[in-house]
Amino acid sequence: MKIVVAKHMGFCGGVKRAVEMARSTADQSSGPVFTWGPLIHNPQVVRQLEEAGVRVASSPEDLEGEAFVVSAYGVERAVLEIARTRGMRIVDATCPVVIRAHTLALKLVEEGYDVIAVGDHGHPEMVTLKEALGDRVTIVHTLEEARQVKVGPRIGVISQTTQSQENFQRIVADLVVRTKEVKVINTLCPAITVRQVEANRLVREVDALVVIGGHQSSNTTRLSEIGRANGIPTYHVEVADELKAEWFEGVETVGVTSGASTPDWIIAEVLARLEEFSRRKELSQARP
């Protein structure tokens with residue numbers, strides 16, 4: 001079985017920066033260090049960070065410590081204020097690409113546009129945007145949702161940084177014909193986009209696709225959607241132990257890609273397991 005590996009895998013720059021900042025903060029602190037929810041959407045990395053001293057807060061009562069690390073996706077203002085009032089040192093690990101997207105959305109509002117953001121309801125990046133702009137921004141996830149929005153004469157459109165290009169483009173195309181003026185700003189993360197482009201190319205070359213990354217990771221889920229949309233068997237796994245040999249019976253070529261919050265060591269373990277499956281198949285086929 002041939003294994004074809006995508007060129008761009010492992011941590012993107014924003015995730016790497018956030019993880020390094022959290023580790024450094026824990027190393028330099030004598031007291032507890034907290035994040036609000038997971039720092040990134042990869043449970044194995046979050047577990048490693050916990051072992052290094054970075055704890056995950058799930059309620060305001062948890063926020064008692066020396067430092068508070070803002071996740072790569074940002075954090076609600078109310079949570080940040082609680083950390084500040086309790087004397088915690090604030091370490092802002094928000095991804096610069098997310099900060100840029102929010103800044104551009106605010107600029108659109110200042111220019112008089114009604115803003116529509118294409119994103120996942122409940123994703124921290126969209127929650128913090130809604131908190132900042134209130135009724136001046138409408139979040140839509142699907143084309144069907146976008147068609148339900150009553151648009152004004154001037155609308156500005158941005159995207160959650162981890163959205164799929166296809167979904168963003170479909171919604172923009174619908175909005176363009178429904179109003180007088182549309183200003184579209186591409187706020188998709190380049191590191192995410194290049195992975196999607198590679199996945200679209202990869203699915204044309206392989207019989208099955210393995211996508212490595214957190215099951216709650218939006219950008220990893222997008223890669224799985226690309227595989228399934230192209231009609232090939234697609235397996236989204238967090239770790240090597242989730243792989244099953246029977247998935248690859250009759251598969252001549254398997255493609256492998258990963259989300260932007262997947263560490264290199266997990267990728268290496270998945271590739272090693274696929275190589276093991278490949279060797280077993282070769283031995284089985286060689287037997288008389």
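Visitor: What kind of unit do strand 2, helix 2 and strand 3 make?

Guide: The model is a predicted one. In it, strand 2, helix 2 (residues 43-51) and strand 3 form a right-handed β-α-β unit. The term right-handed is used because the path from the first strand over the helix to the second runs clockwise when the strands point away from the viewer.

Visitor: How do you know that strand 2 and strand 3 are paired, and in which sense do they run?

Guide: Strand 2 (residues 33-36) and strand 3 (residues 54-57) run parallel and are joined by four bridges. Pairing requires at least two bridges, so these strands count as paired. Within this pair, valine 33 is opposite valine 54, and phenylalanine 34 is opposite arginine 55.

Visitor: What makes strand 4 a partner of strand 2?

Guide: Three bridges link strand 2 and strand 4 in the parallel sense. The criterion is at least two, so this also counts as a pair. Here valine 33 faces alanine 67 of strand 4.

Visitor: How many bridges join strand 4 to strand 5?

Guide: Four bridges connect strand 4 (residues 67-70) with strand 5 (residues 89-92), and the two run parallel. Valine 69 has valine 91 of strand 5 opposite.

Visitor: What share of the residues counts as buried, and what share of the contacts is between residues 24 or more positions apart?

Guide: Of the 288 residues, 52% count as buried. Among contacts with a separation of 6 or more, 72% are between residues 24 or more positions apart. The accessible surface of the chain is about 13500 Å², and carbon and sulfur atoms supply 50% of that area.

Visitor: Why is threonine 128 called buried?

Guide: Its relative accessible area is 9%. Buried means under 20%, so threonine 128 qualifies. This residue is in helix 5 (residues 124-133). Leaving aside neighbours within four places in sequence, threonine 128 is in contact with Tyr73, Gly74, Val75, Glu76 and His102.

Visitor: Is serine 224 buried or exposed, and what does it contact?

Guide: Serine 224, in helix 9, has a relative accessible area of 1% and is therefore buried under the 20% limit. Beyond four places in sequence, serine 224 contacts Val211, Thr234 and His236. From serine 224 to glutamine 163 there are 61 residues in sequence and 13 Å in space, C-alpha to C-alpha.

Visitor: Where does valine 251 lie, and is it buried or exposed?

Guide: Valine 251 is in the loop between strand 11 and strand 12. At 7% relative accessible area it falls under the 20% cut-off, so it is buried. Not counting residues up to four places away in sequence, valine 251 touches Met1, Asp207, Ala208 and Lys281. Valine 251 and leucine 143 are 108 residues apart in sequence and 35 Å apart in space, C-alpha to C-alpha.

Visitor: Which residues have the most contacts inside the largest nonpolar core?

Guide: That core has 30 residues, and those with the most contacts inside it are Val210, Leu243, Phe248, Val254, Val270 and Leu274. The elements giving two or more residues to this core include strand 1 (2-5), helix 8 (190-202), strand 10 (208-212) and helix 10 (264-286). Another core, of 21 residues, lies apart from it, with Val54, Tyr73, Ala93 and Ile192 among its members.

Visitor: What does leucine 274 contact?

Guide: Leaving aside neighbours within four places in sequence, leucine 274 is in contact with Met1, Ile3, Val210, Leu243, Phe248 and Val256.

Notes
Residues numbered from 1 in each chain as written. Predicted model: local features only at pLDDT ≥ 70, side-chain atom pairs only at ≥ 80, totals over all residues. Heavy atoms only, no water. Buried < 20%, exposed > 50% of the residue type's maximum accessible area, 1.4 Å probe, protein only. Contact = heavy atoms within 4.5 Å. Areas by Shrake-Rupley, 256 points an atom, 1.4 Å probe, with all protein chains shown as cover. Core = buried A, V, L, I, M, F, W, Y, C linked by side-chain atoms within 4.5 Å.
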